[in-house]
Amino acid sequence: MPTRAYDDWMREALAEARRAEEQGEVPIGAVVVVNDEIVATGFNQPIGASDPTAHAEVVALRAAAQAVGNYRLTDAVLCVTLEPCLMCVGAMVHARIGTIVYGAPEPKTGALGSTIDVLQSAGLSGRLDVVSGVLEGECRDLVQRFFRARR
């Protein structure tokens, strides 16, 4: 997949992250791409939705499944601004996402290498291709600015 497509999709995920920030949520955004077309977007909203599972990735996966009429999103690409947590990686595996693209690593909860690499688990029933570091600086800066402003 050309890097330019990942950059374009990540810019859309960054726009979603800014929507989260506007609502007082941690600024993380995601998009799901099927056949080179964005079919769903999502942003962090666990506070507003009173839902601990309303991470950007899960919100986008739910919307994508509705858009295509199937919970199996085989070969889809999910772009997210921050390395996904364990819950989100699990949801991606169950959805059969083909590729996860993320911007910045998440040293506290990242489950694709930062704290654990879930994809190395022997019993995992699915495999994802992982592309990291796409627009990493922009993604990292957005989250860091958010938390600096909260201190």
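The following dialogue explains how several terms apply to this predicted model.

Visitor: Why is Asn 44 counted as buried?
Guide: Buried means under 20% relative accessible area, exposed means over 50%, and partly exposed lies in between, with a 1.4 Å probe and protein chains only. Asn 44 has 7% relative accessibility, so this residue counts as buried. Its place is the loop between β2 (37-43) and α2 (46-49); helices (H or I, at least four residues) and strands (E, at least two) are DSSP runs, numbered from the N terminus.

Visitor: What makes the pairing of the Asn 44 side chain with Ala 56 a polar contact?
Guide: A polar contact is a pair of N or O atoms within 3.5 Å; within protein, one must be able to donate a hydrogen and the other to accept it, and residues adjacent in sequence count only if both atoms are side-chain atoms. A polar atom of the Asn 44 side chain lies 2.9 Å from the backbone nitrogen of Ala 56. The backbone oxygen of Val 26 lies 3.5 Å from a polar atom of that side chain.

Visitor: Which residues is Asn 44 in contact with, leaving aside its neighbours within four places in sequence?
Guide: Contact means heavy atoms within 4.5 Å. Among the residues that Asn 44 contacts are Ala 20, Glu 25, Ile 28 and His 55.

Visitor: How do you know that Thr 81 is buried?
Guide: The relative accessible area of Thr 81 is 1%, and therefore the residue is buried. Thr 81 is found in strand β3, whose residues are 77-82 and of which six of six are buried. Not counting residues up to four places away in sequence, Thr 81 touches several others, including Met 10, Leu 14, Pro 27 and Cys 139.

Visitor: How do you know that β3 pairs with β1 and with β4?
Guide: Two strands pair if DSSP finds at least two bridges between them. Strand β1 (residues 29-34) and β3 have four bridges in the antiparallel sense, and Ala 30 stands opposite Val 80 in β3. β3 and β4 (residues 99-104) have five bridges in the parallel sense, with Val 77 opposite Thr 99. From β3 the chain crosses through helix α4 (residues 86-95) to β4, and this β-α-β crossover is right-handed. That term applies if, with the strands pointing away from the viewer, the path from the first strand over the helix to the second runs clockwise.

Visitor: Why is Asp 36 called exposed, and why is Arg 96 called partly exposed?
Guide: Asp 36 has a relative accessible area of 55%, so it is exposed. Arg 96 has 37%, so it is partly exposed. Arg 96 is in the loop between α4 and β4, and its phi is also positive, near 65°.

Definitions and conventions:
Residues numbered from 1 in each chain as written. Predicted model: local features only at pLDDT ≥ 70, side-chain atom pairs only at ≥ 80, totals over all residues. Heavy atoms only, no water.
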